[in-house]
Amino acid sequence: MAKYPLIKTTLKDRLLGGHYTEGLPLPSEPQLAREFEVSRMTARRAIDELEREGYVYRVQGAGTFPTGKRFRQGMFRVRPFKEWARHPDHRTTVLRAMQIEATPEIAVVLQIQPGDPVIFVHRLRTAGDEALVIEKRYINAALVPSLLDHNLSAESIHETMVALGVPLARVEQNLEAVNLRQEEADLLRVPVGTAAFLLRRTTYSGQTRASYVNYWVRGDRYAFQDTFEP
């Protein structure tokens with residue numbers, strides 16, 4: 001198993017479990033590198049991802065600190081792609097759509113082997129002149145080898161997968177607040193560090209993980225709402 005996702009998962013579990021005391025710094029990158037027997041660069045990558053997801057923050061000259069425990073609560077739904085596409089002012093631009101080899105990190109998420117074929121789809125949703133949502137999706141190419149033949153700027157990927165014979169059983173999703181990095185900030189045309197929502201979704205076909213997607217959503221243009229029986 002690749003070291004990087006294991007380090008990140010272990011640190012996240014420690015943070016959520018209160019292993020690290022709020023107000024006190026985490027072990028330094030050299031200390032983490034020694035503990036996990038990896039390079040300092042690998043340890044830094046795990047910390048960078050945790051910072052991006054809002055679990056830790058850095059203070060120059062003082063170290064990296066936990067932001068506090070995140071509590072899981074509630075439920076929320078996101079409008080299907082077909083509802084978004086129905087609006088005449090809404091557009092979806094395919095920035096990239098290609099078959100790639102699974103990195104160790106994506107292989108862990110999709111429960112496949114590093115180097116296995118994965119379809120990568122990078123899309124940007126806009127309303128009028130405003131960029132609102134960035135999508136980066138990774139799909140097990142063995143399940144839908146002909147997906148790239150479809151018009152992904154107009155078609156729902158989930159509906160296309162079903163039409164191609166891949167029944168989708170359930171979706172696991174997680175919504176968090178993050179600060180945008182340079183790449184996402186440039187696409188959404190907002191300053192670096194702007195607060196946004198990060199929605200992560202894993203979609204299953206039976207017990208097989210078929211798709212994993214990250215959505216970066218403008219926090220100043222979106223609100224999530226749901227109605228349910230108490």
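Student: Over how many bridges do strand 4 and strand 5 pair?

Tutor: This is a predicted model, where local features need pLDDT of at least 70 and side-chain atom pairs count only at pLDDT 80 or more, while totals for chains, interfaces and linings use all residues. Residues are numbered from 1 along each chain as its sequence is written, and side-chain values use heavy atoms, without hydrogens and water. Strands are DSSP runs of E with at least two residues, helices runs of H or I with at least four, numbered from the N terminus, and two strands pair if DSSP finds at least two bridges between them. Strand 4 and strand 5 pair in the antiparallel sense, and the number of bridges is ten.

Student: Which residue in strand 5 is the bridge partner of Arg 125?

Tutor: Strand 4 and strand 5 form a hairpin with two residues between them. In strand 5, Arg 125 has as its bridge partner Val 133.

Student: Why is strand 5 largely enclosed by the rest of the structure?

Tutor: Buried means under 20% relative accessible area, exposed over 50%, partly exposed in between (1.4 Å probe, protein chains only). Strand 5 covers residues 130–140 and is largely enclosed because, of its eleven residues, the number buried is ten.

Student: Which strands stand at the edges of the open sheet?

Tutor: The six strands have the order 3-4-5-8-7-6, with antiparallel pairing. Each edge strand has a single partner, so one side is left without a neighbour in the sheet; the two are strand 3 (90–101) and strand 6 (170–179).
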